[in-house]
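Subject: Structure handover and findings

Hello,

Here is the structure we discussed handing over.

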Amino acid sequence: MGKKESEVSAMEIDDPKSESSEQILPKFSINVLQLMKSSQAQHGLRHGDYARYRRYCSARLRRLYKSLKFTHGRGKYTRRAILESTVTDVRFLHVVFYMAERAWSHAMEKRQLPDGPNARQRIYLIGRLRKAVKWASLFSSLCSIKTDSRTSLEAEAYASYMKGTLFFEQDQNWESGLACFKNARAVYEELGKYGDLENQVLCRERVEELEPSIRYCLHKIGKSNLQTSELLQIGEMEGPALDLFKAKIEAAMEEARSQQAASLTEFNWLGYRFPVSNPKSRVSILKAQELEKELQGPTAESIPAEKKLTIFDKLFTAYQDARNTIRSDLVSAGNAESVKDDLNGLDKAVGAVLGQRTIERNQLLVKIAKSKLNRKRDDKSEKVTRPEELVRLYDLLLQNVADLSDLISSGRDRKPEEIAFEEECQRQSLAFRAERCFYLAKSYSLAGKRVEAFALYCRARSLAEDALNKFESIAKKDEGTIQQLKTLIKECRANSCIEHAAGIMEEENAPENLSNQISTISLNDTAAKVDKYLLDKLDVYESAVGDSNTKTTAKIERFPPAFQSIPRNPIVLDLAYSCIEFPDIENRMKKKVGLISRYFWGGSKA
């Protein structure tokens, strides 16, 4: 039997009119987990963009319908069901799979609305999840008949996960949801023992993604002793399968904050007590205070810097939401002066706390940049900090301190706490100026400007000594800042001495270097620079890029290229021309005729 005949017979297996109905059904094969992971990662879910993934599923379904010629009519929509007899191509199974994915991604898109889904949107969300369960169940039933055993197992695990997700979102039937998640986990654990390495890794990752949902179901049933902190740690894991779990945790935390916010009736700041009447403001301030406890708690030192920056971003968002709510209340307050005064004071207090946290975040950025300043570049992708970047960060800190100081000094009849806080801002500003001057001097030093660097180091030392005296004169001393200023003074003194010595050495060697440079001057400059470019010294292991901390031009090849001498055609001088005797040709020349002859005879004849 030829190849074409075998393909025709395979396509006619499910035809009821076919006489060869007793032939063996074709068995398709789909790596369901790999197909799902690659589609999600390449089309939006790597960044949590469910809308983009839903658009991709819709476009993919259109292409599949068109390639299979399985459209639903041009004018009036006539639904064509996918049955067992319809699946004569593996692409029909892809259609069912992407229908389930599209419904699931639409539900997750509704789940990630900024203020959360309201009652109507939640009903729609549940409906889309039911659609996803319906298509996933159809996919599993078709795969059990039309595909091999491995694909059938993966499809069954996929359908179990969809059912568990529906129960998880409905906040009911936790036992059924737990059974679905456990069934999916068991399948992936078994499949992770076989196949190639990539498939084993994907199965293990899927098992890890399902584990938090299983533990949360056990917690809701009452068969687990999980604490709230452990649930929050589980919620820090990443993955599309965990987004619903994290949304559930966040919703539970919001509900707890709303209940706890009833006791938050006032906001304390520098001896003032401002009433907080709006429930939204209370929830936002309470969320920000919880994040502050996490940053300032006993375990704050063990938190990585990247995670701290993420916490700061969430804290800024919470305080900014509180300020937006307060300003909306100010607009609707009308002419009630007492209410407006309280709201203005609350807005000022929240803004001052937000400014303090901004300074703390920028100080964390300075700490990270300092740790990379003197580090050698072991990895090509790792970026080494330059002194100019630290100068920019200290400019930001000085601006933050100035804004905070202006905010504090804007009121009248200030309390002693406000005056003390403003003096603290002035001391911080002086310390930041000293640090900024130090790194500005370091940037001049790397550029080879010794005089400017020496002057800036001396200025930084003077500023640091003034700041140290002010910090030591107060009763409540900041030992960390005092120690940093003492270290800065020592570094300024050492670097100023180094710059002074380097400047003297360069000045002493300047005449000798100048004479050496003059003695090596030649009209052909290529001889002096023959060993300075990469293409001229390929046999020598030496970098042509230069120091990573300086802005030197990479010397790969000369551009434009140097002039080269080339041969040209010789110049011929005809010196024999004046010695040649030419023959007389007078007899061949025209004779000159007078005016009267030309008139009477009509010209002359040669």
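The model is predicted, and every value here is computed from it.

Helix H3 covers residues 50-68. With 19 residues at 1.5 Å a residue, H3 should span 27 Å, and its end C-alpha atoms are 27 Å apart, so the length agrees with expectation. At the start of H3, a side-chain oxygen of aspartate 49 comes to within 3.5 Å of the backbone nitrogen of alanine 51. After the helix comes lysine 69, with a positive phi near 55 degrees. The buried residues of H3 include Tyr50, Tyr53, Tyr56 and Tyr65, along with Leu61, Leu64 and Leu68. Cys57 and Ser58 are also buried in H3. As background, an α-helix has 3.6 residues a turn, so residues three or four places apart point the same way.

Helix H12 can be checked in the same manner. It runs over residues 305-332, and its 28 residues should span 40 Å at 1.5 Å a residue; the end C-alpha atoms are 41 Å apart, which agrees. Glycine 334 follows H12 and has a positive phi, near 75 degrees.

Serine 140 sits in helix H5 (residues 119-146). Its relative accessibility is 15%, and because the cut-off for buried is under 20%, serine 140 counts as buried. Beyond four places in sequence, serine 140 is in contact with Ala155, Glu156 and Ala159.

Alanine 157 belongs to helix H6 (residues 149-170). At 0% relative accessibility, alanine 157 is buried too. Not counting residues up to four places away in sequence, alanine 157 touches Ala184, Val187 and Tyr188. For valine 187, which is 30 residues from alanine 157 along the chain, the two C-alpha atoms are separated by 6.2 Å.

Last, the second largest pocket. It holds about 1100 Å³ of space. Its lining has 31 residues, and those nearest the centre are Ile359, Glu360, Gln363, Leu364 and Gln428. Elements giving two or more residues to this lining are H11 (279-296), H12, H13 (337-371), H14 (387-408), H15 (416-446) and H17 (479-519). H13 supplies the largest share of the lining, nine residues. By type, the lining of the second largest pocket divides into 15 nonpolar, seven polar and nine charged residues.

Regards

Conventions. Residues are numbered from 1 along each chain as its sequence is written. This is a predicted model: local features need pLDDT of at least 70, side-chain atom pairs count only at pLDDT 80 or more; totals for chains, interfaces and linings use all residues. Side-chain values use heavy atoms; hydrogens and water are left out. Helices (H or I, at least four residues) and strands (E, at least two) are DSSP runs, numbered from the N terminus. The expected span of a helix is 1.5 Å times one less than its number of residues. Buried means under 20% relative accessible area, exposed over 50%, partly exposed in between (1.4 Å probe, protein chains only). Contact means heavy atoms within 4.5 Å. On a 1 Å grid over the protein atoms alone, a cavity is a set of points where a 1.4 Å probe fits but cannot get out, and a pocket is an open set with protein on both sides within 12 Å along at least five of seven lines; lining residues have an atom within 4 Å of a point. Grid points are joined across faces, edges and corners, and a volume is the space filled by probe spheres set on the points. Ala, Val, Leu, Ile, Met, Phe, Trp, Tyr, Cys and Pro count as nonpolar, Asp, Glu, Lys and Arg as charged, and the others, Gly among them, as polar. A polar contact is a pair of N or O atoms within 3.5 Å; within protein, one must be able to donate a hydrogen and the other to accept it, and residues adjacent in sequence count only if both atoms are side-chain atoms.
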